[in-house]
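User: I would be grateful for a close look at one part of this protein. Please set that part in the context of the chain as a whole.

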Amino acid sequence: MLSFSGLVNYLKNKHSITIAKSQERELRNIGYYHGYKGYRFIRDSSNKIPFTNLKEISTLNKFDLDLKTLMYPKIMYIETALKSFFIESVLDDAQSEKMADIYSRTVTEYKEYQKGSKKYGEAFRKRMNLQMKIDSALIRDYQKGKEIEKHFFNNDKTIPVWAVFESLTLGEFGNFFDCVNQSTRTETSKLLGLPTNLDADGKLISFIIYTLRDLRNAVAHNSVIFDTRFKTSKINQRLVLLLENETGIRNLDFKYISSYIILISYIFKKLGLQKDCKSFIHEYLTKCDYLHQNLPKNICFQILGTNNKAIMASLETYIQTK
């Protein structure tokens, strides 16, 4: 096992990275394993970044941290808004705020498939798993002493759906959305203002939720995000088609963080927050400029793509349209 000084020597001798004595504290601050090991490649461990000095590592570390600081509040805002729209649609469909009524009247996506079919069975199992996950989430928050859960449990009251959503993670919210009937999904899509010709079954919001979930989890756990390695599955092509058709930006590739900037900006525009979009895009470009000023161009192009600025210019044009 290497000591810290041994790790410093290892970086110098094995990887030819220049580290001044005065920079050793900086390496300690960002962490050898989180800092260097986390930022030594782009997307795939075989695609090593040819770092030559600690400043380059620190630059990428700062860029990544700045992206998290920029994106996290926006994701949380979107999560709250989508939950609000969804609850409104659920209440309208179920005509009740009680979970028992909502399960029987609205959480019925499984009925869209033929009884006994494979899809029917999968959807029904997903519905059953949803109920268990919701119960677990409520118990989890009750044990943590959350006031909402304490109020309803301790007073032997039925927990309304709005209180349930206070306990759900973004992934659990996605599961809930998947399990409701088509009319509730399409009504939620309508509230957000998604084009009906691309969302006849109301599943686009589900694709949005799962795409943002991976990013949100990575940010919340301080994982690396600059190269989108956090993706747990392929991005649904209907979501890509939606963004391309709506924004006019072609060949979107979610291996670049710019696609997430586009997705967040698109939703913010749908929420009527164009001014926030403008500042969001501007801040992103400022952070990209910092990267270009402190890392070799070929590395920046691998991280951001070769047309990052052109894409953002097109995005700004889209945001300004009515």
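How much space lies in the second largest pocket?

Analyst: The model is predicted, and the values below are computed from it. About 300 Å³ of space lies in the second largest pocket.

Its lining comprises 13 residues, and those nearest the centre of the second largest pocket are Glu109, Tyr113, Lys126, Asp178 and Lys203. By class, the lining of the second largest pocket divides into 7 charged, 5 nonpolar and 1 polar residues. Helix H9 (170-179), together with H6 and H11, is among the elements that each supply at least two residues of this lining. Of the contributors to the second largest pocket, H6 gives the most, with 4 residues.

The largest pocket may be set beside it. The volume of the largest pocket is about 350 Å³. Two or more of its lining residues come from each of helix H4 (54-94), helix H6 (118-143), helix H8 (161-165) and helix H11 (204-220). Here H4 gives the most, with 6 residues. The lining of the largest pocket numbers 18 residues, with Glu79, Lys83, Phe165, Glu166 and Leu168 lying nearest the centre. These lining residues divide into 7 charged, 6 nonpolar and 5 polar.

Aromatic contacts come next. Phe165, one of the residues nearest the centre of the largest pocket, belongs to a cluster in which ring pairs link Phe86, Phe165, Phe173, Phe176 and Phe177. The count of aromatic pairs in the model comes to 15. One of these pairs joins Tyr142 and Phe153, whose ring centres are 5.0 Å apart; the planes stand at 65°, which is over 60 degrees, so the pair is edge-to-face. Because Tyr142 lies in helix H6 and Phe153 in helix H7 (residues 147-154), this pair ties together parts that are 11 residues apart in sequence. Tyr142 is partly exposed, with a relative accessible area of 33%, and Phe153 is likewise partly exposed, at 37%.

Two lysines are placed over aromatic faces. Lys62 lies over the face of Tyr290, at 4.8 Å from the ring centre. Lys269 lies over the face of Tyr318, and the distance to that ring centre is 3.9 Å.

The cysteines may be described briefly. The structure holds 0 disulfides. Cys300 is in no disulfide, and the nearest cysteine sulfur, that of Cys288, is 8.8 Å away.

As for the chain as a whole, its secondary structure comes to 16 helices and 2 strands. Of its 322 residues, 50% count as buried. Along the principal axes, the C-alpha trace spans about 65 × 50 × 40 Å.

To return to the part requested, the second largest pocket holds about 300 Å³ of space, and its lining includes 7 charged residues, with H6 giving the most of any element.

Methods
Residues are numbered from 1 along each chain as its sequence is written. This is a predicted model: local features need pLDDT of at least 70, side-chain atom pairs count only at pLDDT 80 or more; totals for chains, interfaces and linings use all residues. Side-chain values use heavy atoms; hydrogens and water are left out. A disulfide is a pair of cysteine sulfur atoms within 2.5 Å. On a 1 Å grid over the protein atoms alone, a cavity is a set of points where a 1.4 Å probe fits but cannot get out, and a pocket is an open set with protein on both sides within 12 Å along at least five of seven lines; lining residues have an atom within 4 Å of a point. Grid points are joined across faces, edges and corners, and a volume is the space filled by probe spheres set on the points. Ala, Val, Leu, Ile, Met, Phe, Trp, Tyr, Cys and Pro count as nonpolar, Asp, Glu, Lys and Arg as charged, and the others, Gly among them, as polar. Rings of Phe, Tyr and Trp (its six-membered ring) pair if their centres lie within 6.5 Å; planes under 30 degrees apart count as stacked, over 60 as edge-to-face and the rest as tilted. Buried means under 20% relative accessible area, exposed over 50%, partly exposed in between (1.4 Å probe, protein chains only). A charge sits over a ring if NZ of Lys or CZ of Arg is within 6 Å of the ring centre and within 35 degrees of the ring normal.
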